[in-house]
Amino acid sequence: MQKTSVTVLGLGLMGTALAEALLAEGHAVTVWNRSAAKAAPLVAKGAVQASDAGAAIEASELVIVCLSVYANAEEILATDALAGRTVVQLTSGSPDQARAMAGLVTGRGARYLDGGIMAVPQMIGGPGALILYSGDEDAFTRHKDVLAVLAEARHVGADPGLAPLLDFALLDAMYGMYAGFYHALALARSEGITASAFAPMVTDWMAAMMRSFPEQARALDAGEFGTHVSSVATSQVAFPTLIETSVRQGVDPALLLPMRDLLDRAVAEGHGADALQRLVPLLETGKG
Ligand SMILES: NC(=O)c1ccc[n+]([C@@H]2O[C@H](COP(=O)([O-])OP(=O)(O)OC[C@H]3O[C@@H](n4cnc5c(N)ncnc54)[C@H](OP(=O)(O)O)[C@@H]3O)[C@@H](O)[C@H]2O)c1
């Protein structure tokens with residue numbers, strides 16, 4: 001692969017991992033961080049430390065940004081040095097923030113890609129890491145090989161807001177899964193069953209349940225809500241006992257309550273006989 005000059009702005013845990021992966025593949029890496037001392041280990045591995053963010057931007061055609069929040073990036077990218085470069089914004093933010101940032105960056109003559117990192121720093125440069133990109137497709141095609149050094153690089157659309165939207169949707173699913181996992185662990189532990197003894201059981205169960213995702217998704221897209229598997233009402237009538245058991249076992253049922261409320265609403269609105277994917281349209285309140 002042709003070696004590229006890349007700038008990395010932000011050397012927190014993630015920015016450092018990104019810069020390390022690029023250095024390991026022999027790319028010329030310029031780095032900048034607010035706390036300059038964090039650059040030292042990367043300089044020891046061959047990175048060039050820029051004196052300020054503007055100089056770092058000027059050093060490379062490809063500029064990767066990985067800071068805590070968008071507000072940090074807005075300040076740093078408000079410079080004419082951007083002209084002619086491609087900015088890849090990997091700071092986590094909302095779709096609207098990504099679109100506003102795209103406007104700011106393209107207004108200064110640069111191309112813009114937003115990214116959602118589906119990995120922890122230790123996974124960067126290794127198998128299983130995925131980064132979703134959205135925005136300027138030509139810029140993605142031009143830099144795809146170097147971006148693929150960091151993680152599998154997947155372009156999901158021209159609208160810069162799409163990668164952050166999908167990033168958050170995947171995080172939603174993760175936090176929902178963790179909520180169930182943690183509540184289940186507490187319930188098992190209430191009878192002295194260790195987390196380690198319970199973990200294989202819950203892992204197999206979740207894997208079995210996840211196999212229903214593609215069919216539920218297909219039916220939702222098709223507007224099909226009939227079921228021969230399990231109805232909304234079947235889950236709804238089970239919930240009071242789930243919650244009562246949780247309370248009696250000394251486990252806070254707080255994580256279960258939003259699901260109970262949604263099931264109650266679905267039944268109250270006449271959807272008791274429907275399949276569980278009926279809950280999705282009930283969540284859709286319209287864009288605010
Ligand atoms: N870590 C993960 O597992 C992970 C996974 C996916 C996505 N991400 C995303 O990647 C981004 C960076 O995460 P991280 O784990 O690297 O965070 P981190 O270790 O806390 O690093 C934050 C970075 O932002 C910089 N920063 C904070 N405030 C600043 C300001 N006012 N001006 C200039 N720079 C500022 C910090 O500079 P200083 O060193 O000077 O404080 C540092 O470089 C976040 O948006 C995060 O959501 C992280």
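These notebook entries record what I looked up in a predicted model.

**Entry 1: ligand shell.** I began with the ligand and listed its surroundings. I found 19 residues around the ligand, with G12, M14, R34, S35 and S92 the closest. I then sorted this shell by class: 9 of its residues are polar, 8 are nonpolar and 2 are charged.

**Entry 2: nonpolar core.** I turned next to the largest nonpolar core, which has 59 residues. Within this core, V8, L18, A19, V31, I64 and V65 touch the most other members. Helix α1 gives the largest share of the core, 6 residues.

**Entry 3: L18.** I took L18 as one of the core members with the most partners and set aside its neighbours within four places in sequence. The contacts of L18 that remain are V8, I64, C66, I124 and L150. Of these, V8 and I64 also belong to the group that touches the most other core members.

**Entry 4: helix α6.** Which residues of helix α6 (residues 137-147) are buried? I noted A139, F140, H143, V146 and L147. They lie on the same side of α6 because they cover an arc of only 105 degrees around the axis. On the face turned away from this buried side I found the exposed residues D138 and T141. I finally looked up what covers the buried residues of α6: the cover includes the strands β1 (5-9), β4 (62-65), β5 (86-89), β6 (111-118), β7 (130-135) and β8 (152-155).

Notes
Residues are numbered from 1 along each chain as its sequence is written. This is a predicted model: local features need pLDDT of at least 70, side-chain atom pairs count only at pLDDT 80 or more; totals for chains, interfaces and linings use all residues. A residue is near a molecule or strand if its C-beta atom, placed from the backbone, lies within 6 Å of it. Ala, Val, Leu, Ile, Met, Phe, Trp, Tyr, Cys and Pro count as nonpolar, Asp, Glu, Lys and Arg as charged, and the others, Gly among them, as polar. A nonpolar core is a set of buried Ala, Val, Leu, Ile, Met, Phe, Trp, Tyr and Cys residues joined through C-beta atoms within 7 Å. A residue is buried if 20 or more other C-beta atoms lie within 10 Å of its own, exposed if 12 or fewer, and partly exposed in between; C-beta atoms are placed from the backbone. Helices (H or I, at least four residues) and strands (E, at least two) are DSSP runs, numbered from the N terminus. Two residues are in contact if their C-beta atoms, placed from the backbone, lie within 7 Å. The arc is that of the directions from the helix axis to the C-beta atoms.
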